[in-house]
Amino acid sequence: MTRIRRPWHGVMVATALPFRDDLSVDHDAYAVHCAWLIDQGCDGVVPNGSLGEYQVLPPEERARVVETAVAAVGGERVMPGVSAYGSAEARRWAEHARDAGCACVMLLPPNAYRADERSVRAHYAEVAKADLPVVAYNNPHDTKVDLTPELLAALHTDGHIQAVKEFSGDVRRAYRIAELAPELDLLAGADDVLLELAVAGAKGWVSGYPNALPASTVELYRAATSGDLTRASQLYRQLHPLLRWDSRTEFVQAIKLSMDLAGRHGGPCRPPRTPLLPEQEAAVRAATGKALAAGLN
């Protein structure tokens with residue numbers, strides 16, 4: 001039996017994208033950041049996810065972001081987001097990822113409208129034609145389309161997905177997914193349920209906060225998935241005031257601010273995102289400062 005290579009295993013960082021003061025993409029800084037994350041123990045990078053602000057990138061910038069990541073860390077470590085309103089466009093982004101040398105892609109369901117099951121299955125079938133493994137991304141909060149365990153099992157049976165980034169926040173789903181589709185890999189999709197999903201058998205973590213604190217978050221993941229729950233629980237409690245920002249509307253601004261405070265380049269966001277409110281900024285600064293003071297990095 002052919003063994004399926006699973007490049008989505010481990011800590012896959014949904015990379016923040018650095019902008020210059022004029023809001024142009026700083027591709028050089030992005031390349032350095034991707035390489036640094038790998039040097040810090042992360043397993044791969046995910047360009048053009050929500051944290052990478054792909055929605056505000058014109059096609060030429062979006063393509064170059066993927067190519068920059070591949071040049072920096074090698075295509076086997078790059079899992080680009082290929083989500084788009086249209087299935088044909090999403091397929092083209094998957095084909096671009098394939099031609100750039102990427103090992104797999106991550107795909108939201110149709111999200112221009114509240115798609116039904118037939119539309120979702122047709123969407124994933126179309127993108128799968130790019131002949132690259134697809135990791136589904138379930139984010140019913142933002143897309144209003146819920147990839148339920150039953151629908152995920154159907155997509156896996158269809159042969160159109162090999163894993164799922166689960167961002168519903170309902171950790172009970174991990175067990176239902178394992179029952180219905182035992183060969184479908186579960187990836188923790190929200191930073192603030194990492195420990196619960198690791199205990200439930202997650203094979204990877206599409207993560208946000210390693211952008212700012214890679215060493216401690218990688219240690220958290222390794223401890224949680226290896227069964228060292230004493231160390232994992234300690235780190236989780238220390239980091240959770242930051243990790244829960246990953247599930248909030250202002251997650252991009254918060255993670256970029258933490259990056260700045262940790263000595264990395266987070267920088268501004270492109271509109272329509274606006275800066276954090278003063279009380280939000282104060283909360284992120286306090287939580288990041290406490291983590292850094294505790295030696296977490």
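Trainee: Why is Asp 43 called partly exposed?
Mentor: The relative accessible area of Asp 43 is 25%, and the scale calls a residue buried under 20%, exposed over 50% and partly exposed in between, with a 1.4 Å probe and protein chains only; Asp 43 is therefore partly exposed. Keep in mind that this is a predicted model, in which local features need pLDDT of at least 70 and side-chain atom pairs count only at pLDDT 80 or more, while totals for chains, interfaces and linings use all residues. Residues are numbered from 1 along each chain as its sequence is written, and side-chain values use heavy atoms, with hydrogens and water left out.

Trainee: What makes the contact of Asp 43 with Arg 222 a salt bridge?
Mentor: A salt bridge is defined as a side-chain nitrogen of Lys or Arg within 4 Å of a carboxyl oxygen of Asp or Glu. In this pair the closest N and O atoms are 3.0 Å apart, so the contact meets the definition. The two residues belong to distant parts of the chain, 179 residues apart, with Asp 43 in the loop between α1 (27-39) and β2 (44-46) and Arg 222 in helix α9 (residues 214-226); such helices (H or I, at least four residues) and strands (E, at least two) are DSSP runs numbered from the N terminus. Arg 222, at 33% relative accessibility, is likewise placed as partly exposed. By this rule the count comes to 19 salt bridges.

Trainee: Why does Glu 53 count as buried?
Mentor: Its relative accessibility is 0%, which is under the limit for a buried residue, so Glu 53 takes that label. Glu 53 forms a salt bridge with Lys 256, the closest N and O atoms being 2.9 Å apart, and this pair too links distant parts of the chain: Glu 53 is in the loop between β2 and α2 (59-73), whereas Lys 256 is in helix α11 (residues 251-261), 203 residues apart. Lys 256 is also buried, with a relative accessible area of 0%. In its backbone, Glu 53 has a positive phi of about 55 degrees although it is not a glycine.

Trainee: Where does Asn 48 lie, and is Asn 48 buried or exposed?
Mentor: Asn 48 lies in the loop between β2 and α2, and because its relative accessibility is 3%, Asn 48 counts as buried. Asn 48 has a positive phi of about 60 degrees without being a glycine.

Trainee: What makes a space a cavity rather than a pocket?
Mentor: On a 1 Å grid over the protein atoms alone, a cavity is a set of points where a 1.4 Å probe fits but cannot get out, whereas a pocket is an open set with protein on both sides within 12 Å along at least five of seven lines; lining residues have an atom within 4 Å of a point. The structure holds 1 cavity of 30 Å³ or more, and about 40 Å³ of space lies in the largest cavity. Its lining includes Asn 48, Ser 50, Tyr 54 and Leu 108.

Trainee: How many residues line the largest pocket?
Mentor: The largest pocket is lined by 43 residues, and among those nearest its centre are Ser 50, Tyr 54 and Leu 108. About 870 Å³ of space lies in this pocket; for such volumes, grid points are joined across faces, edges and corners, and the space filled by probe spheres set on the points is taken. The largest share of the lining, 3 residues, comes from α5.

Trainee: Which peptide bond is cis?
Mentor: The bond from Pro 271 to Pro 272 is cis, with omega near 15 degrees, and Pro 272 lies in the loop between α11 and α12 (278-293).
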